[in-house]
Amino acid sequence: MNLTTSKLNAFSMLKLPSAYLCGVRVKYLQDEKCEVTVKHRWINQNPFKSMFWAVQGMAAELSTGALMIGKIQESGKRMSMLVTSNNATFTKKATGRIVFTCNDGYLIDEALQKAIETGEGQTIWMKSVGVNEDGVEVSTFNFEWSVKLK
């Protein structure tokens with residue numbers, strides 16, 4: 001099965017309904033890069049009239065996780081994946097449409113290969129940067145993903 005943006009968005013509607021209702025959508029997915037967008041709306045705002053940090057986190061996590069899902073599917077192996085740690089930095093109020101971009105797809109290949117060869121779990125850190133419509137960075141999220149052969 002080829003992983004596409006429409007399949008990921010359908011997956012989020014069924015398996016991640018809070019992200020879907022808040023407007024989190026995968027817009028671009030290739031081997032090394034994934035872009036996920038979310039627009040500031042009433043349903044995802046905080047009391048300060050900007051996007052709630054957890055909504056930003058859902059979009060950022062999906063931009064890293066979509067790459068991981070795609071690479072695991074390509075490997076043809078049954079593997080588990082889990083976020084084991086994360087951190088974030090917020091630099092500007094998130095209003096309007098925010099695009100979270102992860103360019104770390106290349107990191108996944110080595111971790112999956114080691115997990116397959118050794119049978120031991122592997123971890124990697126992946127970064128997603130959120131940028132507003134003016135190109136200004138609003139937040140940066142880092143996720144530590146753990147992968148293991150089932």
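**Figure 1. Residues lining the largest pocket of the predicted model.** The lining of the largest pocket is formed by Phe-11, Leu-16, Ala-19, Met-58, Glu-61, Leu-62, Gly-65, Ala-66, Ile-69, Met-81 and Trp-145. Helix H3, which spans residues 53–75, supplies the largest share of the lining, with six residues. Nine of the lining residues are nonpolar, one is polar and one is charged.

**Figure 2. The second largest pocket and the residues closest to its centre.** For the second largest pocket, the volume is about 160 Å³. Eleven residues line this pocket, and those closest to its centre are Leu-29, Gln-30, Asp-31, Gly-70 and Glu-74. H3 contributes five residues, the largest share of the lining of this pocket. By class, the lining comprises four nonpolar, four polar and three charged residues.

**Figure 3. Lys-49 in the loop between strand S2 and H3.** Lys-49 lies in the loop that connects strand S2 (34–39) with H3. Although Lys-49 is not a glycine, its phi is positive, at about 60 degrees. Most residues other than glycine have a negative phi. Is the side of the chain at Lys-49 buried or exposed? Lys-49 has a relative accessible area of 58%, and this residue counts as exposed because the value is over 50%.

Definitions and conventions. Residues are numbered from 1 along each chain as its sequence is written. This is a predicted model: local features need pLDDT of at least 70, side-chain atom pairs count only at pLDDT 80 or more; totals for chains, interfaces and linings use all residues. Side-chain values use heavy atoms; hydrogens and water are left out. On a 1 Å grid over the protein atoms alone, a cavity is a set of points where a 1.4 Å probe fits but cannot get out, and a pocket is an open set with protein on both sides within 12 Å along at least five of seven lines; lining residues have an atom within 4 Å of a point. Helices (H or I, at least four residues) and strands (E, at least two) are DSSP runs, numbered from the N terminus. Ala, Val, Leu, Ile, Met, Phe, Trp, Tyr, Cys and Pro count as nonpolar, Asp, Glu, Lys and Arg as charged, and the others, Gly among them, as polar. Grid points are joined across faces, edges and corners, and a volume is the space filled by probe spheres set on the points. Buried means under 20% relative accessible area, exposed over 50%, partly exposed in between (1.4 Å probe, protein chains only).
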